[in-house]
Amino acid sequence: MRTAAQLALTEITKRYGTRVVLDRVSLTVRPGERIGVIGDNGSGKSTLLRLMANAERPDNGELVAVAPGGVGYLPQSLELPPHATVADAVDLALADLRELEARMRAAERSLEEADAETYAGLVAQFEARGGYEADLRVEIALHGLGLPGLDRSRRLGTLSGGERARLALAATLAAAPELLLLDEPTNDLDDQAVAWLEHRLRAHRGTVVAITHDRVFLERVTTAILEVADGKVRRYGDGYAGYLAAKAAERAAQARAHEEWKTELDRHATLVAANAGRLAGIPRKTPKAGMGTGTWRARSRTHGAAGRIRQSQQRLRWLTEHPAPPPPEPLRFTAALATTGATALATTGATAGATAGAASGVASGAEVAALDGVVVAGRLSLDSLTVRAGERLLVTGPNGAGKTTLMRVLAGELRPDAGEVRRAGRAGLFRQDEGDIGPADRTVLRAYAYGRPGSLDEHADALLALGLFRPPDLGLRLGELSYGQRRRIELARLVSEPVDLLLLDEPTNHLSPMLVEQLEEALAAYRGALVVVTHDRRLRAAFTGSHLELGA
């Protein structure tokens, strides 16, 4: 088994302009490991992978990559122009093998006794890499990823984004490199293709480093996790389960440290407050007071207590200046449920002019949304649907079946061309695509607070309590944020106001696995009506409730 591939990074620093993305990162990836790389959008995951692939150079530090069997690097997007062909994409991924084959053929044409050893070495290397079967492996991988029989002469501009991504992945895998570096390999794959990929990577004879937000992939494939955050990279062993256990232990340790800090702070504050008058009344030794005997005797009776009080004052100042913060509060969704009586439904439809009701709450079990004969031309046709308070509904179906359209109709954002929509209470929609959270120069804090009563300080406290942003992030401009960070603002606004009907359209997209874990916990405690559209396999597997499948 080939297990020679190894990576070692020592004090690696990478900057873009004045922004430090990776700060003195040191880590080792051992031969044969399968590493999952996780972190928030914009944290530096792709930068780390590009450095490993030698596609970029660090500003400082040393990087050693040992991979006698070659390196395969899959970026998030295929870096070829639209007029390039499928064959060009395959050749790009197989570049090492193509170059090795060219050298072998050249040596073969000029074969002499002196070159026989060189030729034999090239042949052995080519055969060890499976060079003769490379194109066959491309076809096998394309079939496994849902693109059987793809014409090699077809131009890339005629392929969808998902098809281009699967082509690049298939060709990278077919190169059979010893070291595989994959950036979001599960994007645009259906369940069957992801299952094929997971089996292929578990059987890989070498080392794998993969960036992914797919938690099931992390569970099934990885042997260790690298978490990228705040310019640092932390390693967790025992795969994704070990990562979750370690993060839970870290949170518990942070909670204990905070409680110990509060206890010590209270103790010293009480001691100082209780003895403030006593300390002020202790006479101080004065210079040249005879031999100072009388003064010293007066002071000596309370000297020990005074020292302890002053030590408490110093410790109190230090504790105040060096707080141990509590762990962020977990996400919480709240529902404005009435204790008795149902709120009247507001009716909208193709001919009605009313908008959704903004009631204070809906009684448990009452209707929060009902659709009858709803049609949105070319996008959705639904005979009937009723969602009641406290109900869970999972909506599935192929792309183009109308899932997002249904969510917008339920939220009151889209009026159907025909049919009737009745809603009660307040609905909150977390969109699949980024919503309008303001101009690029608006700060994170002002985007969160926009249109809400209260001071910015109050909003800052509320936002920080969610754990979605750190204090330095609140002043960042929206134009400086990654897609995932902007999604966090929308999520923060959604979870901080009570809603009776919670509509989540692909809620796990662009969110880190740890945040998705918190999201699931919050949903488990939510008491209102919930409608979810998701491709997340773990979220679907754990879902308990009704199921609506929309046809194409």
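The structure is a predicted model, in which local features need pLDDT of at least 70, side-chain atom pairs count only at pLDDT 80 or more, and totals for chains, interfaces and linings use all residues. Residues are numbered from 1 along each chain as its sequence is written, and side-chain values use heavy atoms, with hydrogens and water left out.

Three strands form an open sheet in the order 2-1-4, with antiparallel pairing. Helices (H or I, at least four residues) and strands (E, at least two) are DSSP runs numbered from the N terminus, and two strands pair if DSSP finds at least two bridges between them. Strand 2 (19-29) and strand 4 (60-66) stand at the edges with a single partner strand each, so one side of each is left without a neighbour in the sheet. On average, neighbouring strands of this sheet are turned by 20° against each other, direction ignored. Strand 1 (residues 6-16) is joined to strand 2 by seven bridges, and the two run antiparallel. Tyr 16 stands opposite Arg 19 in strand 2. Helix 1 (residues 45-52) packs on the sheet and touches strand 1, strand 2 and strand 4; contact means heavy atoms within 4.5 Å. The direction of helix 1 makes about 125° with that of strand 1. Axes are lines fitted to C-alpha atoms, for helices over the stretch in contact, and angles run from 0 to 180 degrees between N-to-C directions.

**Salt bridges**

A salt bridge is a side-chain nitrogen of Lys or Arg within 4 Å of a carboxyl oxygen of Asp or Glu. The count by this rule comes to 38 salt bridges.

| Pair | Closest N and O atoms |
|---|---|
| Glu 520 and Arg 215 | 2.9 Å |
| Arg 538 and Glu 219 | 2.4 Å |
| Arg 422 and Glu 420 | 2.9 Å |

Glu 520 lies in helix 17 (residues 513-525) and Arg 215 in helix 8 (residues 215-221), so this pair ties together parts that are 305 residues apart in sequence. Both Glu 520 and Arg 215 are buried, where buried means under 20% relative accessible area, exposed over 50%, and partly exposed in between (1.4 Å probe, protein chains only).

The salt bridge between Arg 538 and Glu 219 also links distant parts of the chain, with Arg 538 in helix 18 (residues 537-542) and Glu 219 in helix 8, 319 residues apart. Glu 219 is partly exposed, at a relative accessible area of 41%.

In the pair of Arg 422 and Glu 420, Arg 422 counts as buried at 18% relative accessibility, whereas Glu 420 counts as partly exposed at 31%. Salt bridges that share partners join Arg 215, Glu 219, Glu 517, Glu 520, Asp 536 and Arg 538 into one network.
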